[in-house]
Amino acid sequence: MSSLRSRSRQSGGARISDDQINDLVSKLQQLLPEIRNSRRSDKVSAATVLQETCNYIRSLHREVDDLSERLSELLATTDSAQAAVIRSLLSQ
């Protein structure tokens, strides 16, 4: 038994069954483009799914940072009226 599950049980938390873990890993797998589009998607280990999930989240964070930077640059180069319109659209 994994130490995480045994700690959860010791601390009074609800125990997650192996079937529930497998179901959650399968759902995660369907969300990951790298695995979902792969021919080997049925034969991927839970560890690989978790690692790919971490990688995907990191890439999404980088993308958000890049887009935020580009938006800041755009707002800095537009006139104040256009910038106000863009800000109001973003706040909706």
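Colleague: Which residues is L28 in contact with, leaving aside its neighbours within four places in sequence?

Modeller: In this predicted model, and with those neighbours set aside, L28 is in contact with V49, L50 and T53. L28 itself has its place in helix 2, whereas T53 lies in helix 4.

Colleague: How far apart are L28 and T53, in sequence and in space?

Modeller: They are separated by 25 residues along the sequence, and their C-alpha atoms are 7.4 Å apart.

Colleague: And is L28 buried or partly exposed?

Modeller: L28 counts as partly exposed, because its relative accessibility is 26% and buried would require a value under 20%. T53, by contrast, counts as buried, because its relative accessibility is 12%.

Colleague: What does T53 touch, not counting residues up to four places away?

Modeller: With those residues left out, T53 touches L28 and L32.

Colleague: Which other residues are buried in helix 4?

Modeller: Besides T53, the buried residues in helix 4 are V49 and L75. The buried residues of this helix pack against helix 2, which covers 18–31, against helix 3, which covers 33–36, and against helix 5.

Colleague: How does the span of helix 4 compare with the expected one?

Modeller: Helix 4 has 32 residues and reaches 47 Å from its first C-alpha to its last, which is close to the 46 Å expected at 1.5 Å a residue.

Colleague: Moving on to helix 5, at what angle does its axis cross that of helix 4?

Modeller: The axes of helix 4, residues 46–77, and helix 5, residues 80–90, cross at roughly 145° and come within 9 Å of each other. On the helix 4 side the residues involved in the contact are L71, L74 and L75, and they meet A83, I86, R87 and L90 in helix 5. Divided by type, the residues of that contact are 6 nonpolar, no polar and 1 charged.

Colleague: Changing topic, how many salt bridges does the count come to?

Modeller: The count comes to 1 salt bridge. D23 forms it with K27, and the closest N and O atoms are 3.3 Å apart. Because D23 and K27 are 4 residues apart in helix 2, they are separated by about one helical turn. As background, side chains of opposite charge can pair when their charged atoms come close.

Colleague: Is D23 buried or partly exposed?

Modeller: D23 is partly exposed, with a relative accessible area of 38%.

Colleague: Last topic, the chain as a whole: how many helices and strands are there?

Modeller: The secondary structure comes to 5 helices and 0 strands, and from the N terminus on the elements run α-α-α-α-α. Of the 92 residues in the protein chain, 14% count as buried. The chain exposes about 7500 Å², and carbon and sulfur atoms supply 53% of that area.

Colleague: What share of the contacts with a separation of 6 or more comes from residues 24 or more positions apart?

Modeller: Residues 24 or more positions apart account for 10% of those contacts in the protein chain.

Definitions and conventions
Residues numbered from 1 in each chain as written. Predicted model: local features only at pLDDT ≥ 70, side-chain atom pairs only at ≥ 80, totals over all residues. Heavy atoms only, no water. Axes fitted to C-alpha atoms, helices over the stretch in contact; angles between N-to-C directions. Helix = DSSP H or I, 4+ residues; strand = E, 2+ residues; numbered from the N terminus. Contact = heavy atoms within 4.5 Å. Nonpolar A, V, L, I, M, F, W, Y, C, P; charged D, E, K, R; others polar. Expected span 1.5 Å × (residues − 1). Buried < 20%, exposed > 50% of the residue type's maximum accessible area, 1.4 Å probe, protein only. Salt bridge = Lys/Arg side-chain N within 4 Å of Asp/Glu carboxyl O. Areas by Shrake-Rupley, 256 points an atom, 1.4 Å probe, with all protein chains shown as cover.
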